[in-house]
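Subject: A structure for you to look at

Hi,

Here is the model I promised to pass on, with the sequence alongside. Have a look at it first, and then read my notes below.

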Amino acid sequence: MTRSVLLLRAVNVSGRNRVPMAELREALTTDGAVEDVSTYIASGNIICAHPDDPVAACDRVRKLIAAEFGVDTPVILRTHRALVATLAAHPFAEPVEKLLHAMFLEGPPADGAVDALRERLAPREEIALVGEDLWINYGEGGVHSTKLTKAVLDRALGVAGTARNLRTVRTLAELTA
């Protein structure tokens, strides 16, 4: 069976957009939006059987989360194969694992987005677009000192995205295998 992960954006972060994973698993199972559901950590990673119609499944899950939990969040699907390819293509040599993030995008970013973001990089930060994944190496300062805030990323990219650190991406690839 092919497995995928549905990545939710900005849930259970800083006490906002609360979506309890146990309740979400139950709602998804009851609704039938996706099958063979499990979750990984509370930040919105839904492991499931790969849906026949990924676009429709993402839309249905988004609507279910809005109806059940009052949270409107993009739902971005990545297959096991895509996660493995993302890991293989990560462009930075010897990063600090917790400081390197893959931002999974809903689609292609706006023209010039990466150049616009490069202008905002803090010292020792790096970014690279690989397909529809934006790799961000936050450097020594980490996410707390970056100028690449959610608002800046959203405005420049012109498309929704959600980021996971390298360790989480590796785990999601293992869980979808």
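In which helix does Val55 lie? Val55 is in helix H2, where helices (H or I, at least four residues) and strands (E, at least two) are DSSP runs numbered from the N terminus. With a relative accessible area of 65%, Val55 is exposed; the cut-offs are under 20% for buried, over 50% for exposed and partly exposed in between, using a 1.4 Å probe and protein chains only. Its C-alpha atom is separated by 29 Å from that of Ala116, 61 residues apart along the chain.

Before going further, a word on the source: this is a predicted model, so local features need pLDDT of at least 70 and side-chain atom pairs count only at pLDDT 80 or more, while totals for chains, interfaces and linings use all residues. Residues are numbered from 1 along each chain as its sequence is written, and side-chain values use heavy atoms, with hydrogens and water left out.

Now the core. The largest nonpolar core has 22 residues; such a core is a set of buried Ala, Val, Leu, Ile, Met, Phe, Trp, Tyr and Cys residues joined through side-chain atoms within 4.5 Å. Leu6, Leu24, Leu28, Val61 and Ile65 touch the most other members. Two or more residues each come from strand S1 (3–8), helix H1 (21–31), strand S3 (45–49), helix H2 (54–69) and strand S4 (75–79), and H2 gives the most, with 6 residues. Leaving aside residues up to four places away in sequence, Val61 touches Leu6, Leu28, Ala33, Val34, Ile46 and Val75, contact meaning heavy atoms within 4.5 Å. In soluble globular proteins, nonpolar side chains tend to be buried together.

On the cysteines: the structure holds 0 disulfides, a disulfide being a pair of cysteine sulfur atoms within 2.5 Å.

An open sheet of 4 strands runs in the order S6-S7-S5-S8 with antiparallel pairing, where two strands pair if DSSP finds at least two bridges between them. Its edge strands, S6 (126–130) and S8 (161–165), each pair on one side only. The twist averages 20 degrees from one strand to the next; axes are lines fitted to C-alpha atoms, for helices over the stretch in contact, and angles run from 0 to 180 degrees between N-to-C directions.

Strands S5 (residues 100–105) and S7 (residues 133–137) pair over 5 bridges, with Leu100 partnered by Asn137 in S7. S6 and S7 also pair over 5 bridges, and Val130 stands opposite Asp133. These two strands form a hairpin with 2 residues between them, and Gly131 in the turn has a positive phi of about 65 degrees. Helix H6 lies across S5, S7 and S8, at about 95 degrees to S8.

Finally, Thr176 is in the segment after H6 (166–175). Thr176 counts as buried because its relative accessibility is 2%. Its side chain reaches the backbone oxygen of Ala173 at 3.1 Å. Not counting residues up to four places away in sequence, Thr176 touches Arg3, Ser4, Val5, Ile47, His80 and Leu83.

Best wishes

Terms used. A polar contact is a pair of N or O atoms within 3.5 Å; within protein, one must be able to donate a hydrogen and the other to accept it, and residues adjacent in sequence count only if both atoms are side-chain atoms.
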